[in-house]
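We will walk through it one stop at a time.

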Amino acid sequence: MKKFSGLTPKQAEERLKEYGPNELKESNKFSAFKILLRQIKKNMLIYLLFAAALMSFFVGKSITGYAILGVIVVVVVAGFTQEYRAEKSINALKQMIMSRSVVIRDGREIKIPSRDIAVGDIIVLRTGEKIPADCLVLEANELAVNESALTGESKEVNKSASKDEKTQDKNNLLFMGTYIINGRCIAEVLHTGMNTEFGKIANMISTAEKELPLQKKVNDIVKYMTVFTILVSLLTGFIMLVKVPFSYELLVEILIVVIALCVSAFPEGLPVVLITILARGTWNMADKNAIVNRMSIVETLGETTIICSDKTGTLTKGEMTVKKIYLDGKIIDVEGTGYVSKGNFLYTNQNNQKIDVGKDKDLNFLLRASVICNDSRVERIDHTDEYKVSSGTPTEASLLIMSAKAGISRENLTFTLEEELPFNSKRKRRTVMSLEGKEKYIYSIGASEILTDKCKFIQNSGRTIEFDEVQKQKIADTNEELTQHGYRLMAVCYKQINASKKAITENNMVLLGLLAIYDPPREEVPDALKLCKEAGIKVKIITGDNKDTAKQIAKQIGIEGEIISGDEIEQLSDYELSKQVNDVTIFARVRPEHKLRIVNAFRQNGEIVTMTGDGVNDAPALKQAHIGVAMGKNGTDVSRQASDLILRDDNFATIVYAIREGRIIFNNLQKCVAYQVSINFAQLFLVFFAIALGMPLPLVAMHILFMNLFSNDIIAIALSFNLSSSDIMKLKPRKKSGMLNKQLSAVILTAGSLICIVSLSVFYYTLNVLGQSETVAQTTTLMTMIFFAIANAFNFRSFRKSVLGRSLFANKYLVWASVISVAMSLIIIYWTPMNIIFETAPIGLFNIALAFFASLSIVVVFDGMKMLSNRRRKGLISRQKNALS
């Protein structure tokens, strides 16, 4: 293989200035103007209000007309502001997982943001990576590419290296937006950004997201309420028309009342509440390292019943460390942990005698082979003994750190790789052909049970002996002993070949030794598992490790249960697997195609499956799962593209947090929808029953508009910031259902009816018993409804805890929204220009007290209902415990 120097940093900077950054200019990118147009186009409320304003001007009520026009401006500005901020937040989430690529600059491999790739850069591409620019292949090893993003055909396309830059064809070219699905290559960047083949069609590619399931449910509620409201409003207008002698002024008044009623029950705030809750929830997830790739899964997160998790890097730290070496029939301990190149090599059974690696030829040979047969790269951090992985896998990086402890690295070895067979999930090994001076070797490193079958000899005390049954039994015993302690075993093999040979063969190899790699469990995983158990979520481990290693790690984190291997899965039909899969806890030696079958089996049993994956071949299983979770640190670009959720820290506990946040999002949205529907229901029937009973209007059109904009909507948005219940993860997974279930519909009906009856009673009492004017009675009713809206919001903070059972300041945004609502109400009542516009009159302290204490009735009623419900729940739990005992 050739050595490439690549561009210098200065050359790269000049090319970026000349050609611009390597990014696409999306034709439908985030735009404030588009949001504004969407607000005007989709908001039915604006058209209703505009019609009311025209009618007001037509009959000479110019003050009302101008007031309604002002309300239209407020509606548009408020809706635009909320949606703009929310979409800006959601759009920013997409920038959190920045694509990075490995380039060769000044002869060194470094990882940079893909947007900083310049024309002429030499880039290194591996299995699972997304191709960041149009490139010419300079070197390739078994290279296969998926070009479906350009051609629409998903079959793999084999690529080969170009003989020279002048002779190029499609077999030598890689295109931006396509994926490496097998092999490795070195390529030169030809075109970037909009100059690529993908860039040329970028303007024709739509990136518009489909309607979210949650959005559809909210829109359905809005649709049904709108139809129902229009029918009730028309019926109200008809009653007014029949009961009062006809006049032209009456007709206009009826039309304005009908429109006001439509406005009163039209939940225009719900879409804004939805996007506010989603934006806040997804940002909370992002803050905890869970990036939502597709908004449609937010609802499904809370329904998860099973998590199928990888072991390596998710349940464990992903900090691979070679802890033991089996060599010459002895066990060698390797000191140190993580990516620190400090540690000695000690004989385990010889009083921890320190080994001089320079004098131990077999150990030295094994360490050199571990560096040569390796595709990872590590970089020293600030001239310390600590390293970081710049490219490749953590497993191969651990071999580099092991060798670095003996002072052996790629820089101080002289070799040329002539051929390579990359590691993949089927082969489970990497094999290279290396020319070292005049000698040529083939090295292979991979799963011990696979490579030992390819060995005919074994290295022993500097000489090669036959790998007979006695030696094989020793290896098998050592393998079993180490895997039972949670180690992952890899074999290192080699053979010397004739220098004239050009092709790799993997037979008749010499076994150098075994490497025992340890990856410690994450400290936070046991607590996360406990939380899953309380939440009714079952956790399954899916790993490529063998049964003993998987079982030991599972035991360390507190998971026990039946275990099955990939080979055993292959013996089962899909039907048989679906019958057994729920009883299995650990799936060992699993390949990507097994993962897909496991997901389908769980789905067939009615489970909601969250599946993790990091490899290129995991993409089908990630897509098939209800929620596909990819790794942000060690995952491939292919898996991230196929996933719904990306973990920036590759941590299992982050999945559990995301599920918790998904439950909170749906719970808060249910509360906000129920709250707003109950208030709108009360407003609608308050006016309807007043007219049906022959009473004057308890609220005029401007009162209803004021309540919707300056009370109901801002309180509903504030309610969306409600903190979650502390026991939200102690509830069983929510089954798929609509936004409003029977229980919630009963709550809405009760709240709406109570508000309607009490407010109508206050209006009647003020008008007929106290003998006050109609305007004063209407103003008192308005204040009653305002206080009801606030009290009802505090009720809806929790469906189980009483209002006084939680601090009033648990949701500070709701407190501030309540204060603003009351303050605005007092302004339109007592400030003379405003009370003329909104048709109110100053009222006395008694009327305000009457309105306030009347509104507290809803708190008393609902706290009583919650108390009875909690008693029934406790009684049921007590009876269940007694039955079990």
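Start by selecting valine 769, which is found in helix α25. Helices here are DSSP runs of H or I with at least four residues, strands are runs of E with at least two, and both are numbered from the N terminus. Valine 769 is exposed, with a relative accessible area of 52%; exposed means over 50%, buried under 20%, and partly exposed in between, with a 1.4 Å probe and protein chains only.

A note before moving on: this is a predicted model, in which local features need pLDDT of at least 70 and side-chain atom pairs count only at pLDDT 80 or more, while totals for chains, interfaces and linings use all residues. Residues are numbered from 1 along each chain as its sequence is written, and side-chain values use heavy atoms, with hydrogens and water left out.

**Surface patches**

Patches take residues with over 30% relative accessible area and no salt bridge, joining like charges within 9 Å and nonpolar side chains (Val, Leu, Ile, Met, Phe, Trp, Tyr) within 5 Å. Helix α25 (residues 742-769) gives the most to this nonpolar patch, with 3 residues.

Next, select Asp477, Glu480, Glu481 and Asp548, which gather in a surface patch of negative charge. Asp and Glu count as negative and Lys and Arg as positive, with His and the chain ends not counted; a charge is placed at NZ of Lys, CZ of Arg, CG of Asp or CD of Glu. Which helix gives the most to the negative patch? That is α15 (residues 469-483), with 3 residues, and glutamate 481 is in this helix.

**Salt bridges**

Side chains of opposite charge can pair when their charged atoms come close. A salt bridge here is a side-chain nitrogen of Lys or Arg within 4 Å of a carboxyl oxygen of Asp or Glu, and the count comes to 27.

Show aspartate 375 and arginine 126, a salt bridge whose closest N and O atoms are 2.5 Å apart. Aspartate 375 lies in the loop between α12 (361-372) and β14 (377-380) and arginine 126 in strand β3 (residues 122-126), so the pair ties together parts 249 residues apart in sequence.

Then go to arginine 488 and aspartate 545, a salt bridge with closest N and O atoms 3.3 Å apart. Arginine 488 is in strand β21 (residues 488-497) and aspartate 545 in the loop between β23 (538-542) and α17 (547-557), which links distant parts of the chain, 57 residues apart. Arginine 488 is partly exposed at 25%, whereas aspartate 545 is buried at 4%. Now select Glu109, Arg126, Arg184, Asp375 and Arg377: salt bridges that share partners join them into one network.

**Last stops**

Find aspartate 328 in the loop between β10 (321-327) and β11 (330-334). Its phi is near 55°, a positive value in a residue other than glycine.

Finally, zoom out: the chain has 30 helices and 28 strands, and 54% of its 885 residues count as buried.

Note on methods: Areas by Shrake-Rupley, 256 points an atom, 1.4 Å probe, with all protein chains shown as cover.
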